[in-house]
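Work through the exercises below with the structure open beside you, and try each task before you read its solution.

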Amino acid sequence: MKIQAKITLLFLAISTGILLLLNAFILYFEYKFNYQDFYRRLEARVNLTAQIHLFPGEESRAYQQVRNKYIEKLDNEKELIFKADTLGRFINSTVPADFFNTIIGNGADTHKEGNQFYAGKLVNHGTGKFIVIVSATNPYGLREIDELQKILLIGFLGSVVVVFFAGKVFSHYTFIPVSNLTEKVKSITSNNLHMRLEPRGKDEIAELSHTFNDMLNRLETAFETQNNFVSNASHELRTPLTIINSEIEIALNNYPAGKQGQQFLNTLQGETNKLTQILNSLLLLAQSGYDGKKQNWQNIRVDELLWQSVASIKKIHPESNIEVDVSQLPDNEGALITQGNSNLLNLAISNIISNSCKYSQNKLVVVKLSVQNKKIIISVTDKGIGIPKDDMQHIFEPFFRASNTSDYNGHGVGLPLALNIVRLHKGSIGIRSEVNTGTEMQIFLPSAEA
């Protein structure tokens, strides 16, 4: 999960928690206020009931008139008066026992059971002790709480949706500098390693840009050092090797040295040629990577390039047996066009097809061209010796040769060179192989229409 999505979810979780807490506080205080208000109304009625029924007189009649005229009758309102017997005991069978006993013990109490509210108090009268209780239901108050719960629930769900999208917008704007930095970093490849990020301000993003620029400086220096070393070494070594080879040819043609001497000179010439080939491959490998200069890029039709590569191989190795399968070519010819350097791509494709011909001892090699998901795919399938499983992870390392190739000439440079060239064209190489069954290599190149 991306950090931007995590921040959105974290923002949503924190906001949801705050909303839940706020709603809980609102409900709690609404319950508390609503109940307390209703209990106060019941307690007022308890006092009036006691005054009217236990202290009859002119004043009690005035209370009765006030109550009848100005105090509303509550729903299911009941007035209960309990009188203690001569031993001071009360007999109760109509109200909750706990509530009744608390009044006896504390002198007054309030109670709620279901939707029924109670308020009562102990009254001492000249004729004895009395407990006056008034009970009623509170449908308006409970309905008000129910309505408040619905409003809070709807408001909560609506707020969660709003907070979610607000979180997405918040995380999006927060990560705009990071997204810009990522896009800029993606545009830097081995072809434009001289490019640098442009830090703005003094925040963490600017600090990260400075750090990345420092790393690019070190990488560029390392690339240049490595590339210059291989290139210069190859150039410097080729000259004396060419001289040695020429001298051997002169010796072979002009100075008879007997059968053993001829054999010695032939071996020396063969090894010199092999060393020259290795140096040429090293030079190509170095030139296919970073060289500080942009390659000459152009639109290339891969089908035409493929035919050129096959023709070149057959010219050098006429015994090769190559079949080109074009049965899956797309109707749109434009899908076969890629951007790149035709000489380098020709070299990469030729290397892979040549390897298939060599390690299959010139058995049939099928080269298939197709286009899938805006990628041009060149599949090279042979029925050769295959690659051992343990060697698969190393076959693109320079100078590495599989353990079953000792009977074949080679220097372990062709595949790394091909991979470097394909990567330079923003492509990739896939490989599938089984010992003594064969190998399939696939070159993926981006279509210019992608």
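**Salt bridges and a helix crossing**

The structure, which is a predicted model, holds eight salt bridges.

**Exercise 1.** Find which residue forms a salt bridge with Arg41, and work out which parts of the chain the pair links.

*Solution.* Begin at Arg41, whose salt-bridge partner is Glu72, with 2.4 Å between the closest N and O atoms.

**Exercise 2.** Decide whether Asp303 and Arg301 are buried or partly exposed, taking buried to mean under 20% relative accessible area.

*Solution.* The two residues form a salt bridge, their closest N and O atoms being 2.5 Å apart. Asp303 has a relative accessibility of 11%, so Asp303 counts as buried, whereas Arg301, at 24%, is partly exposed. Salt bridges with shared partners also join Arg301, Asp303, Glu304 and Glu333 into one network.

**Exercise 3.** Determine how helices α8 and α9 are oriented to each other.

*Solution.* Start with the axes of α8 (residues 302–316) and α9 (residues 342–359), which come within 9 Å and cross at roughly 55°. The two helices are therefore oblique to each other, and their crossing is right-handed. Then look at the contact itself, where residues of α8, including Leu305 and Ile313, meet residues of α9, among them Leu345 and Ile353. The residues of this contact divide into seven nonpolar, six polar and no charged.

Terms used: Residues are numbered from 1 along each chain as its sequence is written. This is a predicted model: local features need pLDDT of at least 70, side-chain atom pairs count only at pLDDT 80 or more; totals for chains, interfaces and linings use all residues. Side-chain values use heavy atoms; hydrogens and water are left out. Axes are lines fitted to C-alpha atoms, for helices over the stretch in contact, and angles run from 0 to 180 degrees between N-to-C directions. Helices (H or I, at least four residues) and strands (E, at least two) are DSSP runs, numbered from the N terminus. Angles under 35 degrees count as roughly parallel, over 145 as roughly antiparallel, 65 to 115 as roughly perpendicular and the rest as oblique. A crossing is left-handed if the near helix is turned anticlockwise from the far one by less than a right angle, and right-handed if clockwise. Contact means heavy atoms within 4.5 Å. Ala, Val, Leu, Ile, Met, Phe, Trp, Tyr, Cys and Pro count as nonpolar, Asp, Glu, Lys and Arg as charged, and the others, Gly among them, as polar. A salt bridge is a side-chain nitrogen of Lys or Arg within 4 Å of a carboxyl oxygen of Asp or Glu. Buried means under 20% relative accessible area, exposed over 50%, partly exposed in between (1.4 Å probe, protein chains only).
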